[in-house]
Amino acid sequence: MSRQVVVVDDEELIGRSLRLALEAESYHVAVANSAKAGRALLEGEPPDLAILDVRLGDGSGLDLLREARARVPAMQAIVITAHGDVDSAVEALRLGAFDFIRKPFELEEVVAAVNNALRTERLEERVAYLERATRAPGLVFQSAEMAKVVEQVQKLATQPVPVVLVRGESGTGKELVARALHDGSERRRGPFVELNCSALPEHLVESELFGHERGAFSDAREQKKGLVELADGGTLFLDEIGDLAAAAQAKLLKFVETKEFRRVGGTRQLKVDCRIVAATHRDLSDAQRFRQDLYFRLAGATLALPPLRERGEDVLLLARHFLEQLAREFRKPLTRFTPEAEALLARHTWPGNVRELRAAVSFAALMAEGTELGAENFAGLVRGAQTDPLADSRTGIRPLEEIELAYCKRALALCGGNKVMAAEKLGISRHTLARKVGEGD
């Protein structure tokens, strides 16, 4: 998507010239020739960068910068002026401007400054991400329950453990943990390859995992490497392994034990070196649903992720984190939740865990007007809070499959029946969503 740039300069020729030069660099540019018009632009959809003249006919570009940065701290800015006084330059930089450019200037100079500012912004975002990944493997938390998990992740990541099983309800962050295991290990320079075991028809699983030789079956027109081969030197993440077909379980067991395999239709034994991280929300100790010999090989090193309802102090921390992310993504001036909204979020039991929380904040942010989200923006949670979604009058606790079904149907309804959109919001495949709600593809 094109980066958004706002130019505020009361000289029409300069505004037009900058717009043409920046549009030639594929930026989307809006121009204002007064402080009033510039303020209207900056109060609307926040741009990625603003170019502001210090002295405008009806105001100051520095005032605009101060106001804009108060609403959107991440916005980059470049200040230009025909006067070039030291005090203005110092004030601009103090307010967070990336650069201060004197008139007259070459258009190439300003374009280069814009490119550098936005490139620096992306580098800073990347550094911040890497710092978070090192400190808390990509996970946002402050609860003791998650601190314990993160400590275990950090220990396992650095040890030569060939197989790790990650258990947890849907939406608890099993993929994030798998990536943290990879990023914190010596394998981090190798590939991270993932397969959702519930997203493939049974007859394609073996070929997807182990590859096939040309002519192995009617559609095999050329040799194809499988995911285990592509993960050599890195990590193979098998999500929803509890849904793996029985025949594929047998072949996976042999691979887990020996790291050797043959492509479908092949005769040559191949060997790779990859760590396997398997994830499931099911109880794999049930022999009727999963091979016990494979389960015991996978469960040697097990990480159990707590549900969000057991991470009470993390709910608002995560909600604020998501609001900050989504405000940037949706280009909205959202800054906070009202106390009533925070009380509602803290009270909800979150059967869909972190994924449900993010979806709720995302929908509320998308629909919201203004700078804050109130309880009225979470009407669905208010309705759901009238009864405990986990309660069952007969057994005391509703089965997980029943809660998942209700949540998936609710997500589908919120997306107007669009399975592709609902699956994307839930973080699962369309095939998995269709299976969970008992419908065909």
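What percentage of the 441 residues of the chain count as buried?

## Overall build

Of the 441 residues, 48% count as buried, a class defined by under 20% relative accessible area with a 1.4 Å probe and protein chains only. This is a predicted model, in which local features need pLDDT of at least 70 and side-chain atom pairs count only at pLDDT 80 or more, whereas totals for chains, interfaces and linings use all residues. Residues are numbered from 1 along each chain as its sequence is written, and side-chain values use heavy atoms, with hydrogens and water left out.

The chain holds 18 helices and 18 strands, taken as DSSP runs (H or I of at least four residues for helices, E of at least two for strands) and numbered from the N terminus. Along the principal axes, its C-alpha atoms fill a box of roughly 80 × 55 × 40 Å. Contact here means heavy atoms within 4.5 Å, and among contacts between residues at least 6 apart in sequence, 68% join residues at least 24 apart.

## The setting of His281

His281 lies in the loop that runs between strand E15 (275–280) and helix H11 (292–298). This residue counts as buried because its relative accessibility is 10%.

The side chains of His281 and Glu240 are joined by a polar contact of 2.9 Å, the term denoting a pair of N or O atoms within 3.5 Å of which, within protein, one must be able to donate a hydrogen and the other to accept it, while residues adjacent in sequence count only if both atoms are side-chain atoms. When neighbours within four places in sequence are left aside, the residues in contact with His281 are Gly168, Glu169, Ser170, Lys174, Glu240, Leu400, Glu404 and Lys436.

Conventions. Buried < 20%, exposed > 50% of the residue type's maximum accessible area, 1.4 Å probe, protein only.
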